[in-house]
Amino acid sequence: MAEGAGEEKKKFSIWDLPDVPVGQLPPHLELQRSRVSCNKDAPIHTESIQYSGAYASMGIDNSSRLDRFSNNFRVEVVRLNEDDMEFDMIGIDAAIANSFRRILIAELPTMAIEKVLIANNTSIIQDEVLAHRLGLVPIRVDPRLFDYLSENDQPNEKNTVVFKLHVQCKRGSPRITVKSDALKWLPNGSELVKETRNATSDSSSKPETYTYFGCSQETIPEFVKNPIIPKYPDIIIAKLGPGQEIELEAHAVKGIGKTHAKWSPVATAWYRMLPEVVLLEDIEDDLAEELKSKCPVNVFDIEDLGKGRRRATVARPRACTLCRECIRGDDWEKRVALRRVKDHFIFTIESTGALPPEVLFTEAVKILEDKCERVITELS
Amino acid sequence: MEHGFFTDNSAATFSLTDEDHTIANAVRFTLNQDPRVTFCGYSIPHPSEARVNIRVQTTGGAVFDASQYAFFGNDVLEEVELGGLDDEDEDLPAAGLDEEEFLFDQEEKF
């Protein structure tokens, strides 16, 4: 009771306290800014704090400038196969990552069959169903070598790829399955002859077909060694019983996924934020064993401390699927914290085969650039 | 196309056709990071129509500084190293633009 008025006032400034970092956010705010906390019921702090004056009262500049971005931004490729790729993008925000994902799915051009000219179809698969199935077959050709075909253009060797399918199941033979390797590439264009009104005149010249190829596509250097074929030869297109026949010609053109999903160059493309699993207190012995067995993807490991004591450690946080098994049950939320790093994205791209995934991503970046340029030119 | 630009040059609404969330969200995020911007948001008036409205309000006096966009043409960041597997040739597209794409001296007459 003796304190109070009689006590000498100590002069101190709160900024002299050692654990308030100056020029940096205090740890709890930094956690809020850069991590999504995945609690048992729902994640919190999911929005990204992009307003430049968000921490102005603390004297911290939340704005981003190009030089700071280019210093901090990194791309690290984790896995790269012929058809799929997993890489990390560190230092960007969800808005840009989502833009790349959307462009990969919907705005990268590919070649896919669009027009099917059916000469004969006595199978039980209806014409339109057959045409629909043919459209979905992925074709192994680089779409950058072709132009778009608009309504006023004539189909020529620069904007169309022609395939032929002619299969027949003879009477007496067993049923056959028509697979996508039955599609034969016609480098010289369409072979179906158009009916002309005046059939008497110019019977000496070449009959008019549905495409107007100036030269054979085989002469284009890229196709000399790699003929254009469907990427997967074992896709079932139709099944024929005895006596049934399919004879058709399919024209493939360039398009983007926005118009129809058959022109999407990726099977899918997705991203997730890097998981961060933090043990808030030391977990030892029995609790450690329990924790290790709880996790279905083996994120945790036991390390020996000697003298028979064991401690749990986080070995593979990247594998965490956020199933929240480790925080189920009483008290576990106090011991384990599940978080996600807001600016570290693990991107996975699975290509359907027209272009390799790393080319797909660089093309997506180019397309985003083109969009921005278009906006800038319109504004100026 | 810009609306509401002439009366108050610190704020404007930009209406872009043939665009959607892909570019609008990215632009909104980047603009919000700029310290001269007080407000930035976008909206899509109707989902069936490919049009997006981006609203920007600034602190005023922000001059359109063309030099910031140098990275599109000239100072391409060639030194971005891709870590990990090194069988990729990441040649950043130089966009091939000799003249500046922000055509100051040419007015587009609508």
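Accessible areas here come from the Shrake-Rupley method with a 1.4 Å probe. On that basis, chain B of this predicted model has an accessible surface of about 7300 Å², and carbon and sulfur atoms make up 52% of it.

**Chain B**
- Chain B contains 2 helices and 5 strands, arranged from the N terminus as β-β-α-β-β-α-β.
- Of its 110 residues, 26% count as buried.
- Among contacts in chain B with a separation of 6 or more, 45% join residues 24 or more positions apart.

**Nonpolar cores**
- The largest nonpolar core has 28 residues, and those with the most contacts inside it are A:Phe87, A:Met89, A:Leu104, A:Phe347, A:Ile349 and A:Phe361.
- Both chains give elements to this core: helix H1 (21-33) of chain B contributes two or more residues, as do strands E3 (74-80), E4 (84-90), E13 (266-279) and E16 (336-351) and helices H3 (94-106) and H8 (357-379) of chain A.
- A second, separate core has 27 residues, including A:Val167, A:Cys169, A:Trp185 and A:Ala238.
- Leaving aside residues up to four places away in sequence, A:Met89 touches A:Phe73, A:Arg74, A:Val75, A:Phe100, A:Asp343, A:His344, A:Phe345, A:Phe347 and A:Phe361.

**Second largest pocket**
- The volume of the second largest pocket is about 410 Å³.
- Its lining consists of 18 residues, with A:Glu114, A:Lys115, A:Leu149, A:Ser150 and A:Val253 nearest the centre.
- By class, the lining has 8 nonpolar, 5 polar and 5 charged residues.
- Strands E5 (110-121) and E12 (245-255) of chain A each supply at least two lining residues, and E12(A) gives the most, with 4.

Key:
Residues numbered from 1 in each chain as written. Chains lettered and ligands numbered in written order. Predicted model: local features only at pLDDT ≥ 70, side-chain atom pairs only at ≥ 80, totals over all residues. Heavy atoms only, no water. Core = buried A, V, L, I, M, F, W, Y, C linked by side-chain atoms within 4.5 Å. Buried < 20%, exposed > 50% of the residue type's maximum accessible area, 1.4 Å probe, protein only. Contact = heavy atoms within 4.5 Å. 1 Å grid on protein atoms, 1.4 Å probe; cavity = no way out; pocket = protein on both sides within 12 Å on 5 of 7 lines; lining within 4 Å. Points joined across faces, edges and corners; volume = space filled by probe spheres on them. Nonpolar A, V, L, I, M, F, W, Y, C, P; charged D, E, K, R; others polar.
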